[in-house]
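I set out to look up a few residues in this model and to record what I found. The entries follow in the order in which I made them.

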Amino acid sequence: MSTIAENIAKVGKRIDAAMQAANRESSAVGLLAVSKTKPAEAIREAFSAGLRDFGENYLQEALDKQAQLQDLSLTWHFIGPIQSNKTRPIAEHFDWVHSVDRLKIAERLSAQRPAGLEPLNICLQVNVSGEDSKSGCSPEEVSGLAHAVTQLPNLRLRGLMAIPEPTDDPVQQRAAFAKLRTLQESLNLPLDTLSMGMSHDLEAAIAEGATWVRIGTALFGARDYSS
């Protein structure tokens, strides 16, 4: 078994254990493989081991990999910060966007989504830890943004996403994820997605209701940013 396949199996066991501890059905959480900086061959290997959903942060890198992997039936998720001049290719080439944090971006994605494609699945990114360096709208902005996005014709608002401030303390991890879950519940909208949890804190995220965990390092190893 390849290293990537072995890693997928290990992460799967972690997810299953966390779901069991939280008394949740294993099918209620999806594994989103974060493949940024990794070559197309690694995605192909992960596909062979059963993964279908892949998350990318860098647009041109993602488009290059999509071109190389056209023969595979993959679901592509954009999970990085979005510049206004990048919305058209994102609207054209992705199935999900997890990182919408302002109405202007949502409006452009809706206007530029090609006719004939399903509505683009959207998560609003929330800066739950209040870090100046992090993307995301503030918790106070979520309600207005969410209700505005539901009115855009070519988008489907699915839920919220967060990247909390890193910590090794499980109590602090859970508190940040609970904040996102509580925010979503307060919206009174038919949402089904909480995109939260990464390699180091997926257990805490699952305990607080994550439906997507975004896993990179634990699947593909440390990232190489040298190129």
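Where does Pro-81 lie? I worked on a predicted model, and I found Pro-81 in the loop between strand S3 (75-78) and helix H4 (87-93). I then looked up its accessibility: Pro-81 counts as exposed because its relative accessibility is 57%, and the cut-off for exposed is over 50%. I also checked the distance from Pro-81 to Leu-59, 22 residues apart along the chain; their C-alpha atoms are separated by 9.8 Å.

Next entry: the annotated lysine. I noted that an unreviewed UniProt entry carries the annotation "modified residue: N6-(pyridoxal phosphate)lysine" for Lys-36. I located Lys-36 in the loop between strand S1 (30-34) and helix H2 (40-48). Is Lys-36 buried or exposed? I recorded Lys-36 as buried, because its relative accessibility is 13% and buried means under 20%.

Next entry: the cysteines. How many disulfides does the structure hold? I found 0 disulfides.

Cys-123 counts as buried, since I read 0% relative accessibility for Cys-123. Cys-137 is buried with a relative accessible area of 2%.

Notes:
Residues are numbered from 1 along each chain as its sequence is written. This is a predicted model: local features need pLDDT of at least 70, side-chain atom pairs count only at pLDDT 80 or more; totals for chains, interfaces and linings use all residues. Side-chain values use heavy atoms; hydrogens and water are left out. UniProt positions are given in the numbering used here, feature names are shortened, and annotations may be inferred rather than shown by experiment. Helices (H or I, at least four residues) and strands (E, at least two) are DSSP runs, numbered from the N terminus. Buried means under 20% relative accessible area, exposed over 50%, partly exposed in between (1.4 Å probe, protein chains only). A disulfide is a pair of cysteine sulfur atoms within 2.5 Å.
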